[in-house]
Amino acid sequence: MVAVVRCLMVLLLAQVSLEGAAGLIPEVGRRRYSESGRQSAGQSDSFLHEFELRLLNMFGLGRRPTPSKQAVVPQYMLDLYHMHSAHGEHSARRPRSMGKHAERAASRANTIRSFHHEEAMEALASLKGKTTQQFYFNLTSVPEKELITSAELRIYRDQVKGGANSSNSSTPGAGGVHRINIYEMFGLPASKGTDPLVRLLDTRLVQDSLSRWESFDVSPAVSKWTSGKGHNHGFMVEVLHPGEGDGEHGQRQKRHVRVSRSLHQDQDSWPQVRPLLVTYGHDGRGDSVLHTREKRQASLRKQRRKNHHKASCKRHVLYVDFSDVGWNEWIVAPPGYDAFYCHGECPFPLPDHLNATNHAVVQTLVNSVNSNIPKACCVPTELSPISLLYLDEFEKVTLKNYQDMVVDGCGCR
């Protein structure tokens, strides 16, 4: 029943046109509001508002997002969308910078969220010769019912210019190395100049001669924070340069790890290279984000092989364009999708290709001798999900899987 209601709502969404608000109102509602000719503009607006709220609720949103023009969509989230999208034209190859723990987490999640840190709460420090950066990610927008199964902290680092063997950076092992440690913070330092109370979450030894994103597993801390079992004091990133002093070369190395706007000169690139926290979770309402195109394509090939009678129950084209309702302002991808719908006769006797249930066969048989009993209905029998990449009410970029959004097969029920 839920699947049928969802398909109906998608069908209603598709009726929207750019010509006016009337296209948004279902035919039944349009008749109801026009019968007396006394419907006011306020009643019409109220009906449209209620209708949109129901659709937004289906997408798990409390209100329509209105992101600012300064909102940034990380390239990593776009890459994840193309990897997870069942209807996209891109390959299912995972992003090159995706960590193995993140790849495993994505296969068990139906919601992926990204967070930029709160720059106003940055804290840069140098403790006992070490370069550290403290930053905080606001995770209060994660719904209480969403279970965070994994999280990764992503940090971008540039190749060290002028470093040892930097001219041979394409050669494996060229250049020096440095270590990046990621800590969970348990509070501020007891006194100025002392180390804060921290716990090591992940560490990596990386090459100076490469420019790339580094992914760190911070799942224990984020899972604890979002479940209410611990307080979020943020992370501390520590950059160690073995064998380097505080000379010019050492300072040059310290600047190449992009954990703060103040640590590099290219301000224009900062929105796409600033530290990023990515959470992988499940809301308990659907299947995983990762799904393949093979199942859907096999179903479509099966449908095409069937020779339906022109009037028989079958699948018809229905494209939902998000720009028709202005939702392209907050839905990043896709611009729309093929939802399809089922329509047609369920004749007596029911042929095998209409995928009828035993009840539908009996109902059709009774209808043939008693017209007071309605025929079986042409409804979706196979449905598949889509992935949406969007900016939520808090301008957080979210990749979410929505079940039962595409009709793959029709039958008589």
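This is a predicted model: local features need pLDDT of at least 70, side-chain atom pairs count only at pLDDT 80 or more; totals for chains, interfaces and linings use all residues.
**Overview.** I counted ten helices and 17 strands in the protein. Of its 413 residues, 46% are buried. I then looked at contacts between residues at least 6 apart in sequence: 72% of them join residues at least 24 apart.

**Disulfides.** I searched the whole structure and found three. In sequence order the bonded cysteines pair 1-4, 2-5, 3-6.

I took Cys313 and Cys378 to begin with; their sulfur atoms lie 2.0 Å apart. The S-S torsion is about 75°, so this disulfide is right-handed. Cys313 sits in the loop between α9 and β11, Cys378 in strand β16, 65 residues apart. Cys313 is buried at 2% relative accessible area, and Cys378 is buried at 15%.

Next I checked Cys342 and Cys410, joined with S to S at 2.0 Å. The torsion here is -85°, a left-handed link. It ties strand β15 to strand β17.

Cys346 and Cys412 came last, at 2.1 Å. Their torsion is about -100°, so the disulfide is left-handed. Both cysteines are buried.

Which cysteine is in no disulfide? I found Cys377; the nearest cysteine sulfur, that of Cys346, is 7.1 Å away. Cys377 is partly exposed, at 46% relative accessibility.

**Helix α10.** I compared its length with expectation: twelve residues should span 16 Å, and the end C-alpha atoms are 18 Å apart, which agrees. Its buried residues are Ala360, Gln363, Thr364 and Asn367. Residues three or four places apart in an α-helix point the same way, because a turn takes 3.6 residues. Asn358 and Val369, on the other side, are exposed. The cover over the buried residues includes β17.

Notes: Residues are numbered from 1 along each chain as its sequence is written. Side-chain values use heavy atoms; hydrogens and water are left out. Helices (H or I, at least four residues) and strands (E, at least two) are DSSP runs, numbered from the N terminus. Buried means under 20% relative accessible area, exposed over 50%, partly exposed in between (1.4 Å probe, protein chains only). Contact means heavy atoms within 4.5 Å. The expected span of a helix is 1.5 Å times one less than its number of residues. A disulfide is a pair of cysteine sulfur atoms within 2.5 Å.
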